[in-house]
Each structure stands twice: as structure tokens, then as C-alpha cells.
Amino acid sequence: MKKVITYGTFDLLHQGHINLLRRAKALGDYLIVGVTTEEFDLARGKTNTHDSTETRIEAVRATGYADEIILEDHIGQKIEDIVRFGVDVFAIGSDWEGHFDYLKEYCSVVYLPRTEGISSTMLRDGSVMRIGLLGSGRDIVEFVAAASSNPLLRIEAAYIKDALRCRDFCSEHGIPIAASSVADLFALCDKVFISDSCESREDYVREAKRLGKSLCSKQLLV
Ligand code: C2G
């Protein structure tokens, strides 16, 4: 079995991270993802991380690409992990080109293309808003069609109770993540669009409020 490992903060998980995880997974059979702890990020100078470690782990899990998620909390851990897990490939985005060549002594090192035009910084600035969809009513389809022409909105994920329908709906509409639970969906987005026809609409609205996620309406698009 070919084991691949990658690391990151994965703050406000977005399409760039998802592409990276998909490509890393495709390099082998088993993908280990090291998510940095808040303390480790602070120690390495990343002081503006928005999401908690738990939220970032949940977001990585929701992509479905990670076979195992570990925490990265100290310098020098990469070599320890590669040896401990018997890793064959270390993969990371091309913004790190050359930086991890020292790991070539332990496994192969692959720099994967970075996705242009999206970053956690842009999301933190509030210049792009991540939308999650709940339900599959006609109003959702209309919303997706209108939102896709607005560059400041990104439909990040959808959740429909029937997992198979959810996957079909996402692939039909080009939505990156079919969330496996309502909690996963909320972890992945800033705002939620809840279909009028959702059976559990009231519960979802209450849950969104509890988690401090705002709801968006069709008016957001005009
Ligand atoms: N990434 C990408 N495209 C983007 C943004 C990020 O391909 N538009 C990739 C990065 O290159 C990295 C991964 O997504 O491989 C995670 O990015 P970050 O969350 O920014 O994590 P980073 O600070 O790069 O930490 O020990 C931690 C690692 O060294 C990497």
C-alpha cells in the first residue's frame, strides 16, 4: 500500500485545499493529513487563523479524501511521522517548492500545483463568501444557477439526507463537497441557504443560529 502524507492549516477550507487533497490522495492508496494545531500555527507565525483546530479537522474530514487525520504540533514532526507511518510520498502545494527537499532522504517529495485565485486570506478578508446548501428543492437549483455567476460567492458544499442523492446533486451542479452531516456543512461555510421545501427547515434554522451562521436568501444575489 502506497502511503501519502500532507500537512496544512486548512483554515476556512476552500477549493484550493480540496484540489490539493484530491491530488495528494491520487498519488497513492492511503492519505494521511496533518492538521496544524492552533499553538503550532502561532509558534510558526500564523497568527490570524480563523477556525479552531476542531473545525479545521472536521472540514478536512468532510472532503472525504483523508484516510487518517493527525495533528501537527511541533517542528521536526514531519520526519518522525514519515518514519512512524512508513510514508512513501510527502506532498505539498507548489508555494513550498524546494522547501521540503530535505525530506527526500526519507521518501519522495511532490510539489502539487497551487490553485490560483482563492486563499484563506481572501476568505478571512470577507471578499469571498462560502455558501452551504441544505435541501434540494427547486429554489436551491435556482439559487445555484444565480450564485454561480457571482465571483464573490462560492458554493462550497451541500447536504441532503439521502447521501446518494446528495452526491448526485453535487456532481450535477459542480458543488465540490457532498457534506456527510449538517454539522459538516456548517463547518464548511459562512452562510447557509436552506430550501423552503426542507422537511427539517425549522431545526436547521435553529442550528444555524446556535452556531452563529447566517442564513442567506435569494435577495443576496441581487
Ligand atoms: N493550497 C493550494 N492552493 C491554494 C491554497 C493552499 O494548493 N490556493 C495548498 C498549500 O500549498 C498547502 C495546503 O493547501 O499544501 C494547505 O495550505 P495552508 O492551509 O495554507 O497550510 P500551510 O501554511 O501551507 O502549511 O506544516 C504545515 C505545512 O507546512 C503547510
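1. Ground rules. This is a predicted model, with local features needing pLDDT of at least 70 and side-chain atom pairs counting only at pLDDT 80 or more, while totals for chains, interfaces and linings use all residues. Residues are numbered from 1 along each chain as its sequence is written, and side-chain values use heavy atoms, with hydrogens and water left out.

2. The largest pocket holds about 780 Å³ of space. A pocket here is an open set of points on a 1 Å grid over the protein atoms alone, where a 1.4 Å probe fits, with protein on both sides within 12 Å along at least five of seven lines; lining residues have an atom within 4 Å of a point. Points are joined across faces, edges and corners, and the volume is the space filled by probe spheres set on them.

3. Its lining. Of the 40 lining residues, Y7, G8, K46, D95 and W96 lie nearest the centre of the largest pocket. Elements giving two or more residues to the lining include strand 1 (3–8), helix 4 (77–85) and helix 5 (120–125), but helix 1 gives the most, with five residues. Helices (H or I, at least four residues) and strands (E, at least two) are DSSP runs numbered from the N terminus. By class, the lining of the largest pocket has 14 nonpolar, 17 polar and nine charged residues; Ala, Val, Leu, Ile, Met, Phe, Trp, Tyr, Cys and Pro count as nonpolar, Asp, Glu, Lys and Arg as charged, and the others, Gly among them, as polar.

4. Aromatics. How many aromatic pairs does a search of the whole structure find? The search gives five. The rings of F100 and Y102 are a tilted pair, because their centres are 6.2 Å apart and their planes at 45 degrees. (Rings of Phe, Tyr and Trp, the last by its six-membered ring, pair if their centres lie within 6.5 Å; planes under 30 degrees apart are stacked, over 60 edge-to-face and the rest tilted.) F100 is buried at 6% relative accessibility, whereas Y102 is partly exposed at 42%. Buried means under 20% relative accessible area, exposed over 50% and partly exposed in between, with a 1.4 Å probe and protein chains only.

5. F143 and F193 are stacked, 4.1 Å centre to centre with 25 degrees between the planes. This pair links distant parts of the chain, with F143 in helix 6 and F193 in strand 9, 50 residues apart. Both F143 and F193 are buried.

6. Cluster and charge. Y7, F90, W96, F100 and Y102 form one aromatic cluster. K78 lies over the face of Y7, 4.8 Å from the ring centre; the test is NZ of Lys or CZ of Arg within 6 Å of the ring centre and within 35 degrees of the ring normal.

7. Helix 4. K78 turns up again among the buried residues of helix 4, with Q77, D81, I82 and F85. Those buried residues fall within an arc of 135 degrees seen down the axis, so they line one face of helix 4; the arc is taken from the directions from the helix axis to the C-beta atoms. V83 and R84, on the other side of helix 4, are exposed.

8. Backbone check. Most residues other than glycine have a negative phi. F10 has a positive phi of about 55 degrees, and L12 has one near 50 degrees. F10 is buried at 4% relative accessibility, and L12 is buried at 3%.
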